[in-house]
Amino acid sequence: MDSFDVVIIGAGAAGLFCAGVAGQLGLSVLLIDHAPKLAEKVRIAGGGRCNFTNRELDPRAPHKHFLGENPHFCRSALSRYTAQDFIDLVRRHGIPFHEKHKGQLFGDRSSEDFIRMLLAECDAGGVVRWQPASVQAVRQAAERWELDTDRGTVQSARLVVATGGLSIPQIGASDFGLRLARQFGHRVIDPRPALVPLTFDGEAWQPYAQLAGLALPVRVETGDKKQRMAFDEDLLFTHRGLSGPAILQISSYWRPGTPLRLDLAPSENLGAELLQAKARSKRLVANELASHVPARLADAWVQQDASWQRPVNEASDKALVALATRLSQWELVPTGSEGWRKAEVMAGGVDTRELGSQSMESRRHPGLHFIGEVVDVTGWLGGYNFQWAWSSAWACAQAMAAARA
Ligand SMILES: Cc1cc2nc3c(=O)[nH]c(=O)nc-3n(C[C@H](O)[C@H](O)[C@H](O)COP(=O)(O)OP(=O)(O)OC[C@H]3O[C@@H](n4cnc5c(N)ncnc54)[C@H](O)[C@@H]3O)c2cc1C
């Protein structure tokens, strides 16, 4: 029977990185993945350019950019292996990159650069890779892990679960990690799609469906006074609802049945502007409005009420204020989301209260580790999820090597 110090299931971002670090620290590592293609989520990430980390990540205040039932859990790993550490690695591999919006770092060329880098790190650590290979059963026998795979049974001192989240099942996502966690007595926080477009009832959405493709900067909010969350980002109208960074970000915090509040002209005092226009202009309300929001939005918006379909000087103050209020305090209740097919990540996952934050090791079964997205740590859009994959993988590899030394 093949025997290794460590078997890692899942050769995505976290699994590949953990394998390379552990191998270079002297552990014998087998990395298993069932997908025919390697690291598909890294490949498609960031529109094919991989938004690999974020300079604004503050490991001392992880709750700013991460959610989960225990938001402080990720502090240790994120502060021991930081965004700068990963940037240094990317530089050592000569991969050119640039900073975009809000600290987001992207490769200049293609995500393939990052996959090649992760593979080179695995090669440097002598990692053995089985892919595609599937794991049929996992059991613990005499303090070792035994896995039945389609290439035979394999044994290891440590087992690392890096099978990621449930989003985009067509490229290899599975609930294997969550099932395995439950098999070994771990609690799983209900998984739900996050960083996902939101949808609305077909008929009620009809007036806005014509706006599909329109993007504009907005402020979006959800939650009550106690737990309010807001983002200032771009919104995108789609045929079925809303998307764009503003919606993806808020979707991670939104709870079904609750409303979103949108300000479609966040940098304007729209009411005052329209009242001033009334005093000096005879243009249609829609045309005045188009000085403050995109013309397509202005046109669609005034269709909603006859009192807005006239020259601005003939509109009542009340109607103009109502128009401004409706645009700046638009409240709407999504009927759902585009689901796992379109979600960038999974919120929920293996409960962190049963894992060591320095080692990612199970408190129930020593020698069993969970890293990356399968854990109940979810980052904002913008490179935070990859940084969690790198940091949790690194912490796990260090702990495994220290335990063997
Ligand atoms: C479209 C899209 C774009 C994204 N863009 C970004 C971005 O730019 N920046 C960012 O930070 N995050 C981004 N993300 C999120 C990011 O890709 C994930 O958070 C990250 O890949 C998680 O790493 P992971 O290793 O935990 O899981 P993954 O990278 O998903 O790897 C999991 C691996 O486990 C394997 N696996 C699953 N089940 C089994 C099984 N039963 N047996 C064997 N192997 C199995 C899978 O095949 C996969 O290779 C994006 C996600 C999507 C879907």
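**Domains.** I started with how the chain is divided: domain 1 takes in 2-192 + 345-404, and domain 2 covers 197-338. I kept in mind that this is a predicted model. Next I looked up the distance between the centres of domain 1 and domain 2, taken over C-alpha atoms, and got 40 Å. Six residues from domain 1 and ten residues from domain 2 make up the contact.

**Interface.** How much area do domain 1 and domain 2 bury between them? I found about 770 Å², with 48% of it on carbon and sulfur atoms. On the domain 1 side, I noted Arg 192, Trp 380 and Leu 381 as the residues that lose the most area to domain 2; together they give 61% of what that side buries. I then searched for salt bridges across the interface of domain 1 and domain 2, and the rule finds one.

**A salt bridge.** I also looked at Glu 233, which forms a salt bridge with Lys 102. Their closest N and O atoms are 3.4 Å apart, and the cut-off I used is 4 Å.

**Strands.** I moved on to strand E19 (residues 345-350), where six of six residues are buried. Strand E11 (residues 188-194) runs antiparallel to E19, and five bridges join them. To place myself in this pairing, I noted that Ile 189 stands opposite Gly 349 in E19.

Notes:
Residues numbered from 1 in each chain as written. Predicted model: local features only at pLDDT ≥ 70, side-chain atom pairs only at ≥ 80, totals over all residues. Heavy atoms only, no water. Buried < 20%, exposed > 50% of the residue type's maximum accessible area, 1.4 Å probe, protein only. Helix = DSSP H or I, 4+ residues; strand = E, 2+ residues; numbered from the N terminus. Pairing = 2+ DSSP bridges. Domains from an automatic or database assignment. Contact = heavy atoms within 4.5 Å. Buried area = accessible area lost by both parts, 1.4 Å probe. Salt bridge = Lys/Arg side-chain N within 4 Å of Asp/Glu carboxyl O.
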